[in-house]
Amino acid sequence: MPKANKNVNFGYYSGWMVSKNTWIINFMDGSQNIYLLEGDQAAMLIDTGYGQGNLRAYVEKLTDKPVIVVNTHFHLDHYGGNAEWEKVYVADQWEKDATPGYQENDQNFPHPDYERVIVGDGFEFDLGGRVIRVLRAKVAHCNSSLFFYDAGNNMLFSGDEFESGQTLMFLGEPNTLKERLKNMRENAERLYALCDEHTLVLPNHNGAPIAREYFLDYIGLVDSIFRGNAEIEDDLNHKYINEMPGHEKYCRVRFGGASIFADKEEVLEAAKA
Ligand SMILES: [Zn+2]
């Protein structure tokens, strides 16, 4: 039995079927969602949580199909349990987002040398009667984000690039915030065009689903920063980030239902020229 990551105490998994053959697995004190999609021949697990352990056993209670494991991006709260499986599909540039010492986390699990297979824009996973298309995100929240689009079921998985609550925009070095905001705007335009009023947009944190209008709010948010009239709040009002060392330099910027966290000086810099 895999050992739990001793550095993590985010609780246990619970899940529910959000629609036919689609489960939300809830984790991290309720703040994170992992998704499990089932087709006729295979299932797909979108993200593996923080490495709490026993995710594979939990997933195998929900489905008896072979499970294809993918990561929306390579942040530790999304890839922490990868080494419970033999193979995981990830984006290029995953190394840039991996936590230093990430292999130590993998040693807790049965497959510390699991295979990483790079997939990019347009790649399709055929689960049997259910095709999931990959969209490669432009660098915004991080370097290694993928979106997953299930056209047949009208579901779009937005990872951490478009969270419910706020999107964290301070982790994407070496690009400047201005470049990443432009990319965020392009990502939002692309996803908005894919969606209709029935699309379930499913993010990984802080609740799901979100409405497609949310993408328009993100476009408005980026434009407000570039125009220099963004609503900037110094209080982040966030349970985990308020405990991070150095959080004082970050601010929240809001527009409609969208908001981001970013370095305040970088936000003010992005407004220039
Ligand atoms: Zn992330």
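This is a predicted model: local features need pLDDT of at least 70, side-chain atom pairs count only at pLDDT 80 or more; totals for chains, interfaces and linings use all residues.
Local features are drawn from residues with pLDDT of at least 70 and side-chain atom pairs only at pLDDT 80 or more, while totals for chains, interfaces and linings use all residues. Residue numbers start from 1 along each chain as its sequence is written.

**View 1. Helix 6, residues 213-227, end to end.** Helices and strands here are DSSP runs numbered from the N terminus (H or I, at least four residues, for helices; E, at least two, for strands). Helix 6 packs 15 residues into a span of 21 Å from first C-alpha to last, close to the 21 Å expected at 1.5 Å a residue; the expected span is 1.5 Å times one less than the number of residues.

**View 2. The buried side of helix 6.** Look for Tyr214, Phe215, Tyr218, Leu221, Val222 and Ile225, the buried residues of this helix. They sit on the same side of helix 6 because they cover an arc of only 110° around the axis, the arc being that of the directions from the helix axis to the C-beta atoms. "Buried" needs 20 or more other C-beta atoms within 10 Å of a residue's own (12 or fewer is exposed, in between is partly exposed; C-beta atoms are placed from the backbone). Their cover includes helix 5 (177-194), strand 13 (200-203), strand 15 (250-255), strand 16 (258-263) and helix 7 (264-270).

**View 3. An open four-stranded sheet with helix 6 packed on it.** The strand order is 12-16-15-14, and the pairing is mixed. At the edges are strand 12 (167-168) and strand 14 (231-233), each pairing on one side only. To count as paired, two strands need at least two DSSP bridges between them. Strands 15 and 16 run antiparallel, with six bridges, and Arg252 faces Phe261 of strand 16 across the pair. Helix 6 touches both strand 15 and strand 16, and its direction makes about 120° with that of strand 15. Contact means C-beta atoms, placed from the backbone, within 7 Å; angles run from 0 to 180 degrees between N-to-C directions, with axes fitted to C-alpha atoms, for helices over the stretch in contact.

**View 4. Strand 2 and its two antiparallel partners.** Strand 1 (residues 14-19) joins strand 2 through five bridges, and Gly15 pairs with Ile25. The two strands make a hairpin with two residues between them, where Asn21 in the turn has a positive phi of about 60°. Trp23, Ile25 and Phe27 make up the covered face of strand 2, while Thr22, Ile24 and Asn26 make up the uncovered one.

Technical notes:
Two residues are in contact if their C-beta atoms, placed from the backbone, lie within 7 Å.
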